[in-house]
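Here is a short report on one protein and its ligand. It moves from the overall fold to the ligand shell and then to backbone details.

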Amino acid sequence: MWTGPWFSAMYACRRLGREGKGDVLMIVLYDYPDCPFSQKVRVVLAEKDLEFERKLVDLRRNEQRSAEFLKLNPYGKVPVLVDDDVIVYDSTIINEYLEDEYPNPPLMPEDSAGRARVRILEDLADNLFIPRVDIVLAEVHKPEGERDAEKIKKYEGEILQLLKRLEPMLGQEYLVGEFSLADVAFIPRVMILGQLGVELDAGLQQVGAWIGRLRERPSVRALGL
Ligand SMILES: N[C@@H](CCC(=O)N[C@@H](CS)C(=O)NCC(=O)O)C(=O)O
């Protein structure tokens with residue numbers, strides 16, 4: 001068991017969608033509240049009604065660099081999921097693990113083409129969308145006089161361009177039809193665009209409606225964004 005500067009919150013214990021392990025609390029999520037990657041995993045745990053123990057890793061105190069934590073994730077990053085004796089890190093890999101291990105309700109299409117589309121969108125969210133929103137977030141958090149207005153404008157423009165790629169996919173409820181890991185990947189950062197002052201223009205009506213639908217989901221509301 002961990003000692004030292006960890007603190008944990010216990011969540012009631014009920015596991016659905018898996019046979020064989022019984023009603024024993026086995027999932028632990030090493031987490032930081034504001035981390036969009038940790039939030040992605042919390043959405044999936046909630047969608048699958050999986051209960052877990054949450055261990056907060058205080059990034060402000062560099063707890064992710066402790067020898068103990070590096071044994072779990074040599075990259076020194078949250079989230080890390082520990083399921084019994086299985087350790088998984090990287091939010092996208094954790095979410096795939098959860099999908100494989102706890103398939104109900106499914107968050108991946110059955111067909112290979114659909115699964116590939118989900119993975120392409122997760123990659124876009126993780127490597128292009130989230131980092132750009134994080135740049136704007138960092139600027140907006142600075143005192144007003146220190147903000148780089150040009151930088152904000154440039155990255156807001158790039159964020160809107162990325163969202164324009166999603167617009168034609170959203171003639172349906174969710175990005176790949178049913179709610180999937182693709183939607184999950186965007187949730188933490190699309191939910192805060194309004195707070196950052198990023199306004200969706202007229203060409204992003206479907207995206208706006210999609211964000212509204214996402215906001216209604218209990219798993220998303222639980223993030224408190
Ligand atoms: N690709 C990783 C990224 C995880 C990540 O960047 N986590 C950040 C917090 S949001 C972190 O732990 N940063 C600590 C550090 O880099 O020292 C994932 O998807 O899980």
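## Burial and basis

A residue is buried if 20 or more other C-beta atoms lie within 10 Å of its own, exposed if 12 or fewer, and partly exposed in between, with C-beta atoms placed from the backbone. By that count, 32% of the 225 residues in the protein are buried.

The model is predicted: local features need pLDDT of at least 70, side-chain atom pairs count only at pLDDT 80 or more, and totals for chains, interfaces and linings use all residues. Residue numbers start from 1 along each chain as its sequence is written.

## Fold

The protein has eight helices and five strands. Both are DSSP runs numbered from the N terminus: helices are H or I with at least four residues, strands are E with at least two. From the N terminus, the order is β-β-α-β-α-β-β-α-α-α-α-α-α.

Two residues are in contact if their C-beta atoms, placed from the backbone, lie within 7 Å. Take the contacts with a separation of 6 or more: 73% of them link residues 24 or more positions apart.

## Ligand shell

The ligand is surrounded by 13 residues. A residue counts as near a molecule if its C-beta atom, placed from the backbone, lies within 6 Å of it. The closest are Cys35, Phe37, Lys77, Val78 and Ser91.

The shell holds six nonpolar, four polar and three charged residues. Nonpolar covers Ala, Val, Leu, Ile, Met, Phe, Trp, Tyr, Cys and Pro; charged covers Asp, Glu, Lys and Arg; the others, Gly among them, are polar.

## Cis peptide bonds

Val78, listed among the closest residues to the ligand, is joined to Pro79 by a cis peptide bond with omega near 0°. Pro79 sits in the loop between helix H2 (67–72) and strand S4 (80–83).

Asn104 and Pro105 are also linked by a cis peptide bond, with omega about -10°. Pro105 lies in the loop between helix H3 (91–101) and helix H4 (112–140).

## Positive phi and loops

Asp49 is not a glycine, yet its phi is positive, about 55°. Its loop runs between helix H1 (36–47) and strand S3 (53–56). Asp49 is partly exposed because 14 other C-beta atoms lie within 10 Å.

Asn62, in the loop between S3 and H2, has a positive phi near 60°. Is Asn62 buried or exposed? Asn62 is exposed, with 12 other C-beta atoms within 10 Å.

Glu199 belongs to the loop between helix H6 (181–190) and helix H7 (205–216). Glu199 has 11 C-beta neighbours inside 10 Å, so it counts as exposed. Its C-alpha atom is separated by 8.6 Å from that of Leu160, 39 residues apart along the chain.
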